[in-house]
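Dear colleague,

I am passing on the structure below, and my notes on its pockets and on one helix follow it. Please read them alongside the coordinates.

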Amino acid sequence: MENQTKQRNSFSGSLGFVLAAAGSAVGLGNIWRFPYLAAKDGGGLFLLVYLVLALTFGFALLITEVAIGRKTQESPLTAYKKIHPKWGFLGIFSFIVPFLIYPYYCVIGGWVVKYAFSYLTFQGAVAVEDGYFGSFITSQWQPILYTIIFAALSFIIVYKGVEHGIEKYSKILMPILVVIVLFTAFYSLFISHTDDAGITKTGLQGAAVYFIPNFSGLTLHGFLAIFLDAMGQLFYSLSIAMGIMITYGSYMKKDVCIINSVNQIEIFDTGIAVLAGMMIVPAVYVFSGKEGMSAGPGLMFITLPKVFNSLGGFGSILGLIFFLMVLFAALTSAVSILEAITSSMMDKFKWSRKKATVIMAVTTFVVAVIVCLGYNVCYFEVMMPNGSVGQILDIMDYLSNNILMPIVGFLTCILIGWIVKPKTTIDEITRNGEKFFRKALYIVMIKVIAPVFLIVILLTGFGIF
């Protein structure tokens with residue numbers, strides 16, 4: 001095993017692992033998905049529930065996957081079989097998840113490239129117009145072109161490998177992203193807007209909606225909906241149950257402290273998510289009021305351009321910088337998803353990185369084109385078991401996030417909690433003599449609480465609960 005560790009690609013140290021893993025976590029899940037869920041669920045209460053779950057439920061699943069990866073020195077497709085010979089099937093499920101996610105993630109990444117290009121060509125004012133976003137995604141060739149650009153960028157980084165590709169670019173992109181998000185978040189607090197009725201709303205009022213939980217009129221059903229949204233967001237945000245953290249864990253050197261690294265990922269990821277919400281929710285409130293908070297996934301593409309437009313010429317510059325940073329964040333996540341797929345194929349079939357990357361990039365690109373066409377020539381609507389209506393992208397998102405990821409998470413908990421016992425991962429977590437202060441919480445979460453939560457998510461996905 002130790003000999004294999006030396007031959008395997010690895011991060012140069014703790015910082016490389018943390019920035020790459022945080023780069024995976026800090027992507028569209030934080031900057032695109034977290035704010036619109038926070039807005040939809042009333043802000044403060046969603047934020048409170050999310051933070052509690054991140055420190056308990058999210059921590060248990062995240063540290064488990066990292067420990068599995070480092071212990072086995074394998075990617076997910078083969079790692080589970082090393083943990084227990086009869087549980088290799090779980091690796092297949094864990095491989096299918098990123099394979100499903102990557103194509104439509106590239107499509108959304110293409111949307112970000114489009115907006116960055118709009119600001120680069122001084123078309124930021126056009127991006128504010130009603131219908132701009134809808135007309136773009138329903139056009140036939142533009143989304144495909146921008147998807148190709150985004151997919152090519154992630155392909156190049158993965159092609160270059162772990163230390164010279166993923167780690168190198170993460171160390172450059174993540175600090176820049178943090179600075180821009182911080183600036184935009186604090187700027188959003190000081191914007192104001194007077195509507196046609198003469199009512200002026202401010203960013204600080206929007207921040208109060210975001211940060212202060214509102215329990216008035218809250219029903220059990222309403223709280224459950226917020227709870228499920230927060231749990232689902234944890235999967236997307238922390239990159240758990242996608243095989244990514246097992247893959248990155250397998251590149252972690254044996255002398256790196258897993259506990260400290262996971263804590264840093266949690267802080268980094270949650271901090272960016274909170275700031276992203278602070279960046280977008282107050283802006284939504286200022287321009288659209290509480291009613292605008294139900295706008296859903298289009299918040300980042302529809303509302304933020306209005307914020308930048310309010311700044312005049314400086315807004316065009318800030319808009320360009322912002323969407324470039326979102327592009328960087330989306331890239332680090334896309335890279336991690338593609339790496340999970342590529343690494344699995346390398347471990348399973350003993351392919352070279354070059355061969356695995358090219359095959360998986362081409363395959364997923366074909367699927368991404370079909371996803372793009374799902375908004376025009378291949379458009380259709382399907383009612384999902386959970387009551388939502390969607391087309392190709394929504395179906396793939398539903399299958400991965402609502403069905404497969406909860407299944408992978410639940411079965412991982414059963415394997416570690418009851419079959420091979422928590423000692424298997426705890427021994428890896430503390431292999432260098434580290435103190436595991438959340439050990440008791442970890443055991444309870446992995447054996448009992450997390451499996452129950454995951455079953456609830458799965459039943460909700462099937463429309464049963």
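Which helices each supply at least two residues of the lining of the second largest pocket? They are α3 and α11 (203–211), where helices (H or I, at least four residues) and strands (E, at least two) are DSSP runs numbered from the N terminus. Before going further, please note that this is a predicted model, in which local features need pLDDT of at least 70 and side-chain atom pairs count only at pLDDT 80 or more, while totals for chains, interfaces and linings use all residues. Residues are numbered from 1 along each chain as its sequence is written, and side-chain values use heavy atoms, with hydrogens and water left out.

The second largest pocket has a volume of about 250 Å³. A pocket here is an open set of points on a 1 Å grid over the protein atoms alone, where a 1.4 Å probe fits, with protein on both sides within 12 Å along at least five of seven lines, and lining residues have an atom within 4 Å of a point; the points are joined across faces, edges and corners, and the volume is the space filled by probe spheres set on them. Of the 14 residues that line the second largest pocket, Asp 41, Gly 42, Val 209, Asn 214 and Lys 290 are the closest to its centre. Its lining divides into 8 nonpolar, 3 polar and 3 charged residues, with Ala, Val, Leu, Ile, Met, Phe, Trp, Tyr, Cys and Pro counted as nonpolar, Asp, Glu, Lys and Arg as charged, and the others, Gly among them, as polar.

The largest pocket has a volume of about 1,100 Å³, and of the 40 residues that line it, those closest to its centre are Arg 33, Tyr 36, Asn 386, Asp 397 and Asn 402. The largest share of this lining, 8 residues, comes from α12, and by class the lining has 22 nonpolar, 13 polar and 5 charged residues.

Ile 258 lies in α14 and, at 0% relative accessibility, counts as buried. Not counting residues up to four places away in sequence, Ile 258 touches (heavy atoms within 4.5 Å) Ile 63, Val 66, Ala 67, Arg 70, Met 252, Glu 428 and Ile 429. After α14 comes Gly 289, whose phi is positive, near 70 degrees.

With best regards

Notes: Buried means under 20% relative accessible area, exposed over 50%, partly exposed in between (1.4 Å probe, protein chains only).
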